[in-house]
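Here's a quick, friendly look around a protein model. Have the sequence and the 3D view handy as you read.

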Amino acid sequence: LSGLDPAQPYFQDTPIEVRLDKSDAEFVDVIHTDSAPTIPYLGFGMSTALGHLDFYPNGGVQMPGCGKNPVSQIVDLDGIWEGTRDFVACNHLRSYKYYSDSIIYPDGFLGYSCASYDVFETERCFPCPREGCPNMGHFADKFKGKIQNDFQKLYLNTGEAKDFALWRYKVTMTLSGKHKVKGYVNIALYGSGGNTRQHQILEGSLQPDNTYISFIDAEVNLGTVTKVKFLWNNNMLNPTRPKIGA
């Protein structure tokens with residue numbers, strides 16, 4: 001039984017007899033996409049963990065692509081009707097869109113078990129444990145039988161628009177050079193399954209011999225990584241023409 005952003009108004013903090021609960025089926029998975037409080041934020045979805053697996057994409061509150069200005073959102077690529085619905089309840093409706101995309105990408109939407117979304121943004125919940133990570137959506141039941149806790153909260157990021165699936169990679173970069181400079185570093189990953197766009201992994205002070213760790217939520221499953229392309233820029237004219245290696 002899959003819960004797609006179960007309703008919050010009149011259901012949150014109620015007895016299990018009147019709301020979705022893990023006792024309702026042999027296996028219950030839930031996608032939370034609009035779990036901000038109804039008052040004052042008009043969140044339509046429940047924040048409470050309800051199932052055997054509870055997925056909180058992008059933290060479960062504000063979905064990427066739902067903050068567009070009203071005109072561009074209503075005149076949507078999918079049509080005015082779809083755009084108008086998204087303007088009214090964009091975060092809430094992301095749940096079924098993620099689910100439908102998950103059918104197309106059976107290896108996508110990996111959820112990482114974490115105490116919170118803030119912790120997920122650090123390196124403490126990566127990589128997946130030995131038993132692997134469950135897939136949010138249609139293939140969540142592949143993880144049935146591997147659940148260790150009463151409630152398992154899982155976090156991941158998604159894209160701003162269809163196709164929503166992203167694949168998470170950890171990047172560790174050690175800089176080389178003679179002098180500290182300011183600027184940013186972008187990298188693109190190349191693999192047997194495709195290539196990514198450039199992702200910014202560092203901005204500010206670039207210190208040679210320092211090691212920096214970042215995460216890339218790539219729009220493609222790279223397969224085996226074969227090449228990494230670096231781009232750095234110091235955002236200003238520098239007559240000393242500093243060089244940075246990585």
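## Charges over rings

Let's start with a lysine. The charged end of Lys227 sits over the ring of Tyr190, 4.6 Å from the ring's centre. Keep in mind that you're looking at a predicted model.

An arginine does something along these lines too: Arg168 lies over the face of Phe215, with 4.4 Å to the ring centre. Phe215 turns up again below.

## Rings that pair up

How many aromatic pairs does the structure hold? There are nine of them. Take Tyr117 and Tyr155: their rings are 6.3 Å apart, centre to centre, with 45° between the planes, and that makes the pair tilted. This pair links distant parts of the chain, as Tyr117 is in helix α4 (residues 117–120) and Tyr155 in strand β5 (residues 152–156), 38 residues apart. Are the two tyrosines buried or exposed? Tyr117 has a relative accessible area of 21%, so it's partly exposed.

Now for Phe126 and Phe215. Their ring centres lie 5.2 Å apart and their planes meet at 70°; that angle is over 60 degrees, so this pair is edge-to-face. Phe126 belongs to the loop between α4 and β5, while Phe215 is part of strand β11 (residues 211–218), so the pair ties together parts 89 residues apart in sequence. Both phenylalanines are buried.

## A nonpolar patch on the surface

Next, have a look at the outside. Val225, Val228 and Phe230 form a nonpolar patch on the surface, and together they have about 230 Å² of accessible area.

Phe230 is found in strand β12, which covers residues 225–233. Its relative accessibility is 41%, and because that falls between the 20% and 50% cut-offs, Phe230 counts as partly exposed.

## A serine in a loop

Last stop: Ser23, in the loop between β1 (2–4) and β2 (29–31). Why does Ser23 count as exposed? Its relative accessibility is 52%, and exposed means over 50%.

Ser23 has a polar contact with Asp21, and 2.6 Å is the distance between their side chains in that contact. As for Leu50, that residue is 27 residues from Ser23 along the chain, and the C-alpha atoms of the two are separated by 9.3 Å.

Note on methods: Residues numbered from 1 in each chain as written. Predicted model: local features only at pLDDT ≥ 70, side-chain atom pairs only at ≥ 80, totals over all residues. Heavy atoms only, no water. Patch = residues over 30% accessible without salt bridge, like charges linked within 9 Å, V, L, I, M, F, W, Y side chains within 5 Å. Areas by Shrake-Rupley, 256 points an atom, 1.4 Å probe, with all protein chains shown as cover. Salt bridge = Lys/Arg side-chain N within 4 Å of Asp/Glu carboxyl O. Helix = DSSP H or I, 4+ residues; strand = E, 2+ residues; numbered from the N terminus. Buried < 20%, exposed > 50% of the residue type's maximum accessible area, 1.4 Å probe, protein only. Phe/Tyr/Trp six-rings, centres within 6.5 Å; stacked < 30°, edge-to-face > 60°. Lys NZ or Arg CZ within 6 Å of the ring centre and 35° of its normal. Polar contact = N/O pair within 3.5 Å; in protein donor to acceptor, adjacent residues only side chain to side chain.
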